[in-house]
Amino acid sequence: LENLLSRKKLRVCVATCNRADYSKLAPIMFGIKAQPDEFELEVVVLGSHLIDDYGNTFRMIEQDDFDIGSKLHTIVRGEDEAAMVESVGLALVKLPDVLHRLRPDVLVVHGDRFDALALATAAALMNIRILHLEGGEVSGTIDDSIRHAISKLAHYHACCTRSAEQHLIAMCEDHARILLAGCPSYDKLLAAHYRDDYMDIIKNWLGDHVKEHDYIVALQHPVTTDIKNSIKIYELMLDALISFNKRTLILFPNIDAGSKEMVRVMRKKGVEQHPNFRAVKHVPFEQFIQLVCHAGAMIGNSSCGVREAGAFGTPVINLGSRQTGRETGENVLHVRDADTQNKIYHVAPQRSGEGISKIYGDGNAVPRILKFLQTIDLDEPLQKTFCFPPVKEWDISQDIDHILETQSALAVDLGGTNLRVAIVSMTGKIVKKYTQANPKTFEERIALILKMCKEALSDAVCLNCRILGVGVSTGGRVNPQEGVVLHSTKLIQEWSSIDIRTPLSDALHLPVWVDNDGNCAALAEKKFGHGKGVENFVTIITGTGIGGGIIQHNELVHGSTFCAAELGHIMVSLDGPECMCGSRGCIEAYASGMALQREAKRLHDEDVLKVDGITDMKNNEPVSAVHLINAARLGNSKADAVLQTAGMALGVGIVNILHMVNPSLVILSGVLASHYQSPVQQVIEQRALPSARSIRVLTSDLEEPALMGAASMVLDYTTRRLY
């Protein structure tokens with residue numbers, strides 16, 4: 001007696017969001033109210049209960065003589081996906097004050113509605129114990145995700161079927177906190193089967209001339225993950241119902257995304273004015289179950305059809321995917337692919353009473369749940385524990401080879417002379433490099449690339465490198481989205497309108513990225529070089545030709561036709577030397593390795609490439625840009641003038657770039673970069689606008705920018721929007 005007197009009453013808050021969940025919660029609420037010595041009941045009403053269009057169903061809670069402690073208007077109208085999300089957010093804003101004021105020991109939450117997710121989230125974060133009803137079930141829509149999320153937040157579970165219990169155990173929930181209770185609504189359903197005034201209820205809703213088993217109950221809700229198909233099925237259902245020529249009670253759909261469109265279809269077909277139809281927004285639950293019990297059939301996708309209707313053996317036609325995965329009795333026939341009116345029309349005559357199903361309960365769920373609530377120990381730790389299955393000791397996370405494995409990329413660089421392949425690690429280290437002469441024909445080139453890549457993949461296993469993909473750097477204009485070389489440079493023959501991605505990906509079974517060598521150099525600087533952490537910069541390659549890449553707002557700029565950053569073809573003179581592109585006065589015609597070689601050969605032919613009558617050229621050695629640079633370094637004024645002109649042309653081009661895209665950094669890359677840094681910086685200081693003169697010019701520290709840029713496309717693909 002002393003223990004009973006000292007025992008604190010359990011303060012239970014029951015939160016209800018709509019007419020459907022109240023039908024499951026009401027029997028529990030009556031049970032709690034009937035035991036005032038054991039429980040203290042608080043009622044919170046939110047969601048569609050408080051909306052006029054849905055019947056203001058909170059009134060039936062008041063008619064059941066329950067005191068509503070809080071009414072929360074949480075629905076944002078719109079009946080689309082965004083409105084559902086906003087409704088959850090609004091509920092989360094309003095619930096903390098209510099829960100803080102009520103301070104319940106246990107919050108009872110039902111089912112899988114988005115309102116219930118907000119309730120469970122708020123209670124869990126406020127350290128309030130949660131009892132979840134009907135967890136562990138499977139229906140095949142977004143409701144599954146919401147239902148399982150609530151189960152993971154809940155501390156206790158009252159489930160309806162043996163399969164649901166097993167699902168909760170498989171979800172690592174503590175078996176000791178799971179009660180196989182049955183569905184609370186079945187307690188009332190099984191008792192109400194023999195109500196004497198059922199014909200009065202039928203006539204009240206459907207008219208005086210309707211007979212038992214000679215009418216249809218229809219209730220179809222949208223499937224939020226496939227709204228378009230939901231509307232199609234709803235339209236076909238209405239067409240079939242009109243064809244049946246039977247008296248039909250049709251309920252409006254719930255408030256989920258897509259309901260507005262479904263109501264529009266109903267009104268377009270004139271259902272509300274049709275003599276065979278009675279369209280309603282709400283029927284009190286006790287009357288609704290009588291209507292379902294004595295109907296000739298129920299049609300739609302409501303859970304009532306696959307659950308409650310089974311208590312009476314009412315024939316049910318379940319349409320579409322909303323209840324896929326639900327356990328059903330033999331009274332339910334599924335028409336999952338309801339793509340024609342005829343399917344629905346012809347299946348109806350096959351429905352006849354198939355016997356009562358008690359899958360979801362035996363009529364004693366509420367007493368079980370009340371006893372379960374009484375066993376909750378408020379002194380035990382609030383933090384729930386999960387019962388994970390044992391993990392085998394040889395799990396891959398314990399494998400030393402897996403731990404030491406290096407995430408890497410295969411990088412391919414297609415130059416005018418050589419074809420190179422490298423294994424590049426996540427840190428930018430070139431683990432191994434392979435070099436071959438670049439073949440002259442397409443077939444030979446592709447075959448050699450595949451051969452070199454396969455060799456590298458084989459070596460990667462021994463080097464403990466896990467290859468994530470292949471990145472290809474090539475000269476010319478490239479469509480990186482399709483992996484196609486649109487137009488090649490003259491240095492690489494048979495290389496225009498070429499799909500590189502497909503043959504490599506098919507043969508190597510790896511994802512493949514392709515881009516222009518100048519863009520790759522910019523990507524290399526962004527990941528491994530001076531451009532790391534810089535939001536806006538330009539990289540310029542000074543080699544055989546002139547190229548580069550532009551990084552704006554941390555993204556590579558490709559342009560509408562993939563020819564952005566063709567920096568070598570910026571014109572700095574109207575009548576300058578001819579460029580390989582066919583124009584005149586381009587930067588490349590002044591400052592590229594080929595341009596310097598051309599000038600070196602001219603000076604050599606004029607016999608003025610000497611210093612003090614001495615040349616550093618060996619017999620029969622071809623003239624190159626190196627000889628021009630060496631001559632200038634040794635004091636040859638004509639060679640120095642050529643380099644000064646080249647530096648001026650490159651500097652003026654870069655000033656134009658600064659004025660167009662305003663980067664914070666210019667990086668010079670390639671074999672000629674160190675020779676151009678000083679003259680370019682001088683031109684910027686002399687010719688750029690004052691606001692651009694402070695921009696830094698650096699030479700790249702990367703030895704293999706093309707290979708490292710090709711690798712960066714692979715190594716960064718999970719975070720790059722462009723690739």
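**View 1. A409 stands opposite V424 of strand β15 in this predicted model.** Strand β15 covers residues 418-425, and β14 covers residues 406-414. Strands here are DSSP runs of E with at least two residues, helices are runs of H or I with at least four residues, and both are numbered from the N terminus. β14 and β15 pair in the antiparallel sense over seven bridges; two strands count as paired if DSSP finds at least two bridges between them. The hairpin that joins β14 to β15 passes through three residues. Because seven of the eight residues of β15 are buried, this strand is largely enclosed by the rest of the structure. Buried means under 20% relative accessible area, exposed means over 50%, and partly exposed lies in between, with a 1.4 Å probe and protein chains only.

Residues are numbered from 1 along each chain as its sequence is written. Local features need pLDDT of at least 70 and side-chain atom pairs count only at pLDDT 80 or more, while totals for chains, interfaces and linings use all residues; side-chain values use heavy atoms, with hydrogens and water left out.

**View 2. Strand β15 also pairs with β16 (residues 430-437).** The pairing is antiparallel and has seven bridges. L419 has Q436 of β16 as its bridge partner. Four residues lie between the strands in the hairpin of β15 and β16. In this hairpin, G428 takes a positive phi near 95°.

**View 3. Strand β6 (residues 156-159) is covered on both faces.** On one side Y156 and A158 are buried, and on the other H157 and C159 are buried. β6 pairs with β5 (residues 129-133) in the parallel sense over three bridges. Within this pairing, H157 of β6 is the bridge partner of H132. Three bridges also join β6 to β7 (residues 178-180), and these two strands run parallel. C159 stands opposite L180 in β7. Together with helix α7 (residues 162-170), β6 and β7 make a right-handed β-α-β unit. A crossover is right-handed if, with the strands pointing away from the viewer, the path from the first strand over the helix to the second runs clockwise.

**View 4. T542 lies in strand β22 (residues 537-542).** T542 has a relative accessible area of 0% and is therefore classed as buried. Not counting residues up to four places away in sequence, T542 touches L650, S669, G670, V671, L672, A673 and Y676. Contact means heavy atoms within 4.5 Å. A polar atom of the T542 side chain lies 3.1 Å from the backbone nitrogen of A673.

View 5. H569 is found in the loop between β24 (555-556) and α20 (587-591), and C581 is found in the loop between β24 and α20. H569 is partly exposed, with a relative accessible area of 29%. C581 is partly exposed, with a relative accessible area of 44%. Leaving aside neighbours within four places in sequence, H569 is in contact with C579, C581, C586 and E588, and C581 is in contact with H569 and C586.

Technical notes: Polar contact = N/O pair within 3.5 Å; in protein donor to acceptor, adjacent residues only side chain to side chain.
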